[in-house]
Every structure is written in structure tokens, then in C-alpha cells.
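Here's a quick briefing for anyone meeting this structure for the first time. Take a look at it, then read on.

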Amino acid sequence: MKKSQQIQNWYSQDNMTISEFKNHFKKALSELYTDSEAAFLSSIFVEKITGFDSFHQRRFSEQPLLTDDEKKLLNVISELKTNKPYQHILGETEFYGMSFFVNENVLIPRPETEELLELVIRKVQNSLFNVQNLKILDIGTGSGVIPLVLKKHFPETQITSIDFSEKALEVAQKNADFHQLDIKFVHGDYLNFDLNENFDIIISNPPYIGTDEEKEIEHSVKGFEPMMALFSPTSDALIFYRKIAEDSKKYLNENGFLFLEINQKLGPETLELYRHDFTEAQLIKDLSENDRFIFGIK
């Protein structure tokens with residue numbers, strides 16, 4: 001191929017400029033995103049594909065896109081039209097100030113889980129725990145965001161994370177390797193899993209959506225995120241919480257902490273599972289004033 005032909009593949013005056021692409025992005029996805037959401041997303045994808053940050057996108061806004069970059073950006077629009085989460089298209093997401101790989105095998109971490117971690121970090125920092133010897137059990141780790149954020153804040157802790165999905169654990173291990181943090185990942189079906197050691201902290205954000213709530217879940221969630229991470233495997237939406245309550249009796253140390261993210265519709269019912277075997281059990285609301293977390297002290 002001649003040099004002139006190669007250049008034509010990379011760049012053409014007929015290609016859209018960055019500014020033109022952003023306007024096209026906004027119009028093409030107007031039924032899915034507000035103007036501000038479209039502006040945010042188009043900027044993210046332009047940076048991901050072209051390497052231009054927001055400053056250089058403004059500086060070179062009338063610069064025609066390279067041919068390959070234009071094709072990739074137009075393909076992004078096609079994928080977004082299917083309701084595919086933008087994080088899956090990017091292959092990553094930001095969570096608690098850290099970057100994490102995500103794909104169709106793991107849930108995209110939600111802001112409520114950031115609130116859960118904020119609660120955990122604050123409680124541990126204000127506790128009498130010796131963090132150098134702290135043992136933590138994380139149930140249903142998914143992409144590994146919970147143990148990795150905790151390991152970053154408390155490097156001397158020993159954290160064990162269980163998940164039923166081998167593909168999810170591959171993502172979690174990839175995230176651990178990226179952040180150079182050591183987590184003990186265990187493949188297992190927690191509902192049929194026998195623990196063999198005690199822990200100072202048990203934390204979990206298990207599947208808690210009842211099958212009767214499936215119709216309320218958006219297609220962008222049901223169509224692209226793993227169902228086993230969203231929905232209870234039985235008609236009992238609290239099945240994981242019952243198992244955690246039983247395991248806490250045996251395997252949570254005295255004065256140990258329990259942290260759970262829960263179904264906002266089942267706050268009192270979930271709390272009731274922990275009232276009798278904990279010296280303290282609290283139902284805590286999230287920033288939207290929904291019942292969202294259980295905190296317990298054994």
C-alpha cells in the first residue's frame with residue numbers, strides 16, 4: 001500500500017470533527033440521555049479512543065477525527081442504543097477514587113456501595129481493632145471493589161472474598177493485580193459453603209432482589225448485568241442474609257463487626273435476623289433516605 005493510501009485510512013477532511021461528533025452523539029442518543037449526560041459521555045469516549053483529554057478536546061474541537069477513531073466512536077453510539085451500560089463499553093469504571101475493570105460478568109458498582117465502604121472505614125478507624133491482625137470476610141465479591149478498597153485503606157488486613165462465578169473472580173483478580181493488592185479469592189457457592197475459620201469483620205452486598213421485583217428492573221440492567229448477582233436464587237429474597245446470620249453466630253469473633261447492603265424494601269425484616277445474636281444491630285439509611293445498610297456488633 002502506498003504511503004498516500006495509508007494516510008487516507010488514518011485521516012480524511014471528510015471525517016467529522018470532534019465538535020461535530022459530539023453534536024451527532026447528543027442527537028443520536030437524545031431519547032436515552034439528557035444533554036448534560038450526553039456531553040459527559042461523549043467526552044469520556046473521545047478521550048478513551050483519541051487520547052485527547054477535555055482540555056485538548058476543546059483546543060482541537062475543529063480537528064477532523066482519524067478514520068479509525070471515527071469508526072470506533074460511531075460504533076460506541078450503536079452499542080449505547082442497545083442500552084448497553086457505557087461502563088461495559090469502556091471496560092472500566094471509577095469507584096471510590098479507584099479505577100476498576102468491569103464487563104458483563106460483574107455488576108457495575110453502585111454509589112450505595114461507596115456509602116457502605118465509607119461506613120466500614122469510619123467504623124474500623126474509630127474501633128479498638130488492631131488493623132494489623134484484622135481478618136475480613138467478603139461474601140459475593142463480584143469485581144472485587146469491596147475488598148480492594150478496604151485493602152487499600154487497611155493494607156495489613158487479611159481479606160478473604162468468596163464468589164460463585166469463576167468469571168467474576170477472573171475480573172476481581174485482574175483488578176487486584178492492577179492495583180497490586182493481595183486478596184484471597186475463593187470460588188464457592190456461599191449458600192452451600194462451610195467456613196472453617198473465624199473473622200473480625202463480615203461484609204456483604206449479596207443478591208437481594210426478589211423474583212417478584214424483576215419487572216421493576218430496567219432493561220439496561222437485566223439485559224447486560226449478571227442475573228445471579230442481582231436476584232435471589234429462590235423465592236426467598238433474604239436467603240443470603242439468613243445464611244450470613246447463621247455463620248455470624250459461629251464464625252464472627254466476639255465484638256466483631258457485620259456490614260451488609262440490603263434491599264430497601266426489606267429493612268425491618270432483614271434487621272430482625274440479627275437482633276438476637278448481636279449486642280448491637282442497626283438499620284442505616286443511605287443518602288437517599290432509603291433503608292440500605294445493616295451494621296452489627298456481636
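Is Asp236 buried, partly exposed or exposed? Asp236 is partly exposed, because its relative accessible area is 24% and that label covers values between the two cut-offs: buried means under 20% relative accessible area and exposed means over 50% (1.4 Å probe, protein chains only).

A word on ground rules: this is a predicted model, where local features need pLDDT of at least 70, side-chain atom pairs count only at pLDDT 80 or more, and totals for chains, interfaces and linings use all residues. Residues are numbered from 1 along each chain as its sequence is written, and side-chain values use heavy atoms, with hydrogens and water left out.

**The big picture**

- You'll find 13 helices and nine strands in the chain; these are DSSP runs numbered from the N terminus, with helices being H or I of at least four residues and strands being E of at least two.
- The chain has 298 residues, and 46% of them are buried.
- Take the contacts (heavy atoms within 4.5 Å) between residues at least 6 apart in sequence: 67% of them join residues at least 24 apart.

- Asp163 sits in strand β4, which covers residues 158-163.
- Asp163 is buried but has no salt bridge, and the nearest side chain of opposite charge, Lys167, is 12 Å away. For charges, Lys and Arg count as positive and Asp and Glu as negative, while His and the chain ends are not counted. A salt bridge is a side-chain nitrogen of Lys or Arg within 4 Å of a carboxyl oxygen of Asp or Glu.
- A polar atom of the Asp163 side chain lies 2.8 Å from the backbone nitrogen of Gly142.
- Leaving out residues up to four places away in sequence, Asp163 touches Gly140, Thr141, Gly142, Ala168, Leu169, Val186, His187 and Gly188.

**From β4 to β5**

- β4 pairs with strand β5 (residues 184-187) in the parallel sense, over four bridges; two strands pair if DSSP finds at least two bridges between them.
- Getting from β4 to β5, the chain passes through helix α9 (residues 166-179), and this β-α-β crossover is right-handed. That label applies if, with the strands pointing away from the viewer, the path from the first strand over the helix to the second runs clockwise.
- Within this pair, Thr160 has Lys184 of β5 as its bridge partner.

**A mostly covered helix**

- Helix α8 (residues 145-153) is mostly covered, with seven of its nine residues buried.
- The buried residues of α8 are Val145, Ile146, Pro147, Leu148, Val149, Leu150 and Lys151.

**Salt bridges**

- The structure holds ten salt bridges.
- Asp236, from the opening question, forms one with Arg242, and their closest N and O atoms are 2.8 Å apart. Arg242 is partly exposed, since its relative accessible area is 39%.
- Glu79 and Lys84 meet in another, at 3.1 Å from N to O. Glu79 counts as partly exposed because its relative accessible area is 21%, and Lys84 is partly exposed too, at 23%.
- Asp291 and Lys285 also meet in a salt bridge, at 2.9 Å from N to O. Asp291 counts as buried because its relative accessibility is 15%, whereas Lys285 is partly exposed at 44%.

- β8 (280-285) and β9 (291-297) run antiparallel and are joined by six bridges.
- Leu283 stands opposite Ile294 in β9.
- The hairpin has five residues between its strands, and there Glu289 takes a positive phi near 70°, although Glu289 is not a glycine.
- Is Glu289 buried or exposed? Glu289 is exposed, because its relative accessible area is 56%.

- Tyr96 lies in the loop between β1 (92-95) and β2, and has a positive phi of about 50° although it is not a glycine.
- Leu107 is found in the loop between β2 (98-101) and α7 (111-125). Leu107 is partly exposed, with a relative accessible area of 23%.
- Leu107 and His88 are 19 residues apart in sequence, and their C-alpha atoms are 9.9 Å apart in space.

Key
A polar contact is a pair of N or O atoms within 3.5 Å; within protein, one must be able to donate a hydrogen and the other to accept it, and residues adjacent in sequence count only if both atoms are side-chain atoms.
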